[in-house]
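Here is a short briefing on a predicted model.

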Amino acid sequence: MIRSEILKEIAPILRDQLVVCNIGIPSQELHAIDDQPTNFYMLGTMGLASSIGLGLALVQPKPVIAIDGDGSVLTNLGTLPTIANNTANNFILLIIDNGSYGSTGDQPTYAGQKTSLAAVATACGCDHVVECQAEDTGKVLQEALDSSEMTVIVCKCESGNAKNPVITMDPVVIRDRFMKAVQA
Amino acid sequence: MDINKKITDDLVANDISFVTTVPCKQLAGVIDEIDNCDEIYHIPSNKEDEGMGLCAGAFMGGKRPAIIMQNTAIGVTINTLATLIQYYRMPLPMLISYRGELREPVACQVEMAVHTKALLAQMNIPTYHFHHQKDVEELDMILKYTFMCNKPVAILTDANFWGGYGDQ
């Protein structure tokens, strides 16, 4: 399975949650599969989906799912100790780990080689870390939501991208409708 | 006047309840004060761009954020300021330790100091420079201005403002 197939499968779970989605093709795929006001699409700033998601989860009670990639987490590895030491039990970090920089031509990342992001997250102090295969993502994500415990999910999948148009929505519109959805 | 307390009181009075920090020796006192303040959730970050991500999330969750960092961080955060904070039009007060100015003992700090105001000007970021302790009286107005215009705003605070850097 590639990322877009996973997103299609978990779209019914994501629909009712606040979602902060990673820059580039992941946001384009989610936008094409199931655009919702509860989705915050990152149009730039690689690496910060997990930080934005954590900040959001810490200040309000609704569940927040940050959809990140292995390359983006490697860009902002400092996020994992911050997550571990600032518990927000309404926060799920879903790392879709396809071992490549998908948006830039599928160059391999170190997470697809010797580096285990699940082991890194555990070493950083994250208490609930689940590594799963792509096919099990929906089940693991639903369990994490039901557990009401801060969870880091590392979902191992194949490299590859669906072809979708870029998001042309104005960033202020994305932000404004997302903030209204947070407050709804 | 205790400037650490004055700064913290102004943050609280302006309903700022989420503050991220990356430390600097000059900022140690105000970071302590914020850490001990019940009205503020203090979340140290490992890098300033990460901190701006946390602030963006907190803002979208309905809280007013602020970041406290050193001016070297301007070199780290240009992309985040442009593509997150400015692009999505978010307010962000940035209380910045202005290292490399008068009374600075560490020569390398001057290397970023000479770029600091130019970079902020290039980014069209409203910038204030606290050089004397009395300058802190403007902080309340600067915070109100920041949340009025939904922009990142820089408050540079140099060694003279903090009463010197050590005893050099």
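Two strands count as paired if DSSP finds at least two bridges between them. With that cut-off in hand, look at Val20(A), which stands opposite Ala66(A) in β3(A). The strands involved, β1 (residues 18-21) and β3 (residues 64-69) of chain A, pair in the parallel sense over four bridges.

**The sheet in chain A**
- Six strands of chain A make an open sheet, ordered β2-β1-β3-β4-β8-β7.
- Pairing in this sheet is parallel.
- β2 (39-41) and β7 (129-133) of chain A are the edge strands, and each pairs on one side only.
- From one strand to the next, the twist averages 20°.
- Helix α7 (residues 137-147) of chain A lies across β4 (91-97), β7 and β8 (151-156) of chain A.
- The angle between α7 and β8(A) is about 180°.

**Chain A overall**
- Chain A contains eight helices and eight strands.
- Its radius of gyration is 15 Å, close to the 16 Å that the globule rule gives for 184 residues, so chain A is as compact as a globular protein of that length.
- The C-alpha atoms of chain A fill a box of roughly 40 × 35 × 30 Å along the principal axes.
- Of the 184 residues in chain A, 48% are buried.
- Among contacts in chain A between residues at least 6 apart in sequence, 69% join residues at least 24 apart.

**Helix α2 in chain B**
- Val30(B), Glu33(B) and Ile34(B) are buried in helix α2 (residues 28-35) of chain B.
- These residues lie on the same side of α2(B), because they cover an arc of only 95° around the axis.
- The buried residues of α2(B) pack against α1 (3-13), β1 (16-21), β2 (41-44) and β3 (64-70) of chain B.

Methods:
Residues numbered from 1 in each chain as written. Chains lettered and ligands numbered in written order. Predicted model: local features only at pLDDT ≥ 70, side-chain atom pairs only at ≥ 80, totals over all residues. Helix = DSSP H or I, 4+ residues; strand = E, 2+ residues; numbered from the N terminus. Axes fitted to C-alpha atoms, helices over the stretch in contact; angles between N-to-C directions. Contact = placed C-beta atoms within 7 Å. Buried ≥ 20, exposed ≤ 12 C-beta atoms within 10 Å, placed from the backbone. Arc of directions from axis to C-beta. Rg over C-alpha atoms; globule rule 2.2 N^0.38 Å.
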